[in-house]
Amino acid sequence: MSRDPVLLWFRRDLRVSDNTALHQACARKVPVLPVFIFDPEILKKKKEVVRRTAFLLSALESLSANLDALGAPLILRKGNPVEVLRALVKETGARTLFLNKDIEPYSRQRDEKVSMMLKEEGVEIVACDDLMIHPPGAVQRAAGGPYTVFTPFSLAWKAKPPHDPLPGPAQIQGWTKAKGISFPTLGDLGLEKCDIPVPAAGEKSAQELLRSFVRKNITRYETTRNLPFQDSTSHLSPHLRFGTLSPRTVLAAARRVRSEDPASKKEVDVFIGELIWRDFYKQILWEFPHVATRAFRPAYDKIEW
């Protein structure tokens, strides 16, 4: 049996708990080489990415520490993902790349190029559904095709049982023969200093926020969420965006509160509704990629804002 490592490409899933690609990679029982790639195509949009990248760097430091503790150091590289991954395949002899799918138009185009390159190199790609609670295509109209109205989507979504969160690995067989770049600063990435404090990043911070929200605010969410002085929202958005916390873990925590305290059902269901909205809009983006830059209905592109 081959002892060549498998590659694990982190993107919007910067955590070790309930990470589908990581779980499946570890199941191979061979060394795992985790990698994160700083993509110049994304970084060149400097005005848009400074704050997000500041959060990202902090989240990556947390992920790196967690992976080190498990025995699989995170490799950082910068460049075109196709060429970076081609080089890693040649350096390591890896015959499989694991990743969690993304749904944004650029990400899909990039991943298609990576897939074509891997096919040329004779490397298997294992692309996992991890970003949403119910992945694109899982919630469809009875007659076929995607929902474009939220209420029927929500009803169909609720009829599907959610997947339980996956346990994090107790240990990972690492691969230390490949080297990467040192942790960069914003300046190293060609970005200016961040102009605002960013939220605490990383898996530990995300889990602490979730525990605090569940303990203090989820049972009064509907009543107070629109009152800023109550500070009763979850503050989980950046963590869901970068995957330092999985939506399945958030849903499981909400369902647990509802089960243990039936009187909280109405309040908790409103919060769960926000997770359904998240899935809905991501399905819309998957099925209708033009909404990333244009109106859903083309006629509305003509509106002057």
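Trainee: How do the residues of the lining of the second largest cavity divide by class?

Mentor: A cavity is a set of points on a 1 Å grid over the protein atoms alone where a 1.4 Å probe fits but cannot get out, and lining residues have an atom within 4 Å of a point. Ala, Val, Leu, Ile, Met, Phe, Trp, Tyr, Cys and Pro count as nonpolar, Asp, Glu, Lys and Arg as charged, and the others, Gly among them, as polar. Arg12, Asp130 and Leu245 are among the lining residues here. The division is four nonpolar, two polar and four charged.

Trainee: What should I know about the model itself?

Mentor: Residues are numbered from 1 along each chain as its sequence is written, and side-chain values use heavy atoms, leaving out hydrogens and water. This is a predicted model, where local features need pLDDT of at least 70, side-chain atom pairs count only at pLDDT 80 or more, and totals for chains, interfaces and linings use all residues.

Trainee: What is the volume of the largest cavity?

Mentor: Its lining includes Arg11, Asn100 and Lys101, and has one nonpolar, one polar and six charged residues. Volume means the space filled by probe spheres set on grid points, which are joined across faces, edges and corners. For the largest cavity that gives about 60 Å³.

Trainee: Is Pro34 buried or exposed?

Mentor: Pro34 touches Leu8, Phe10 and Leu67, among others beyond four places in sequence, where contact means heavy atoms within 4.5 Å. Buried means under 20% relative accessible area and exposed over 50%, with a 1.4 Å probe and protein chains only. At a relative accessible area of 1%, Pro34 is buried.

Technical notes. On a 1 Å grid over the protein atoms alone, a cavity is a set of points where a 1.4 Å probe fits but cannot get out, and a pocket is an open set with protein on both sides within 12 Å along at least five of seven lines; lining residues have an atom within 4 Å of a point.
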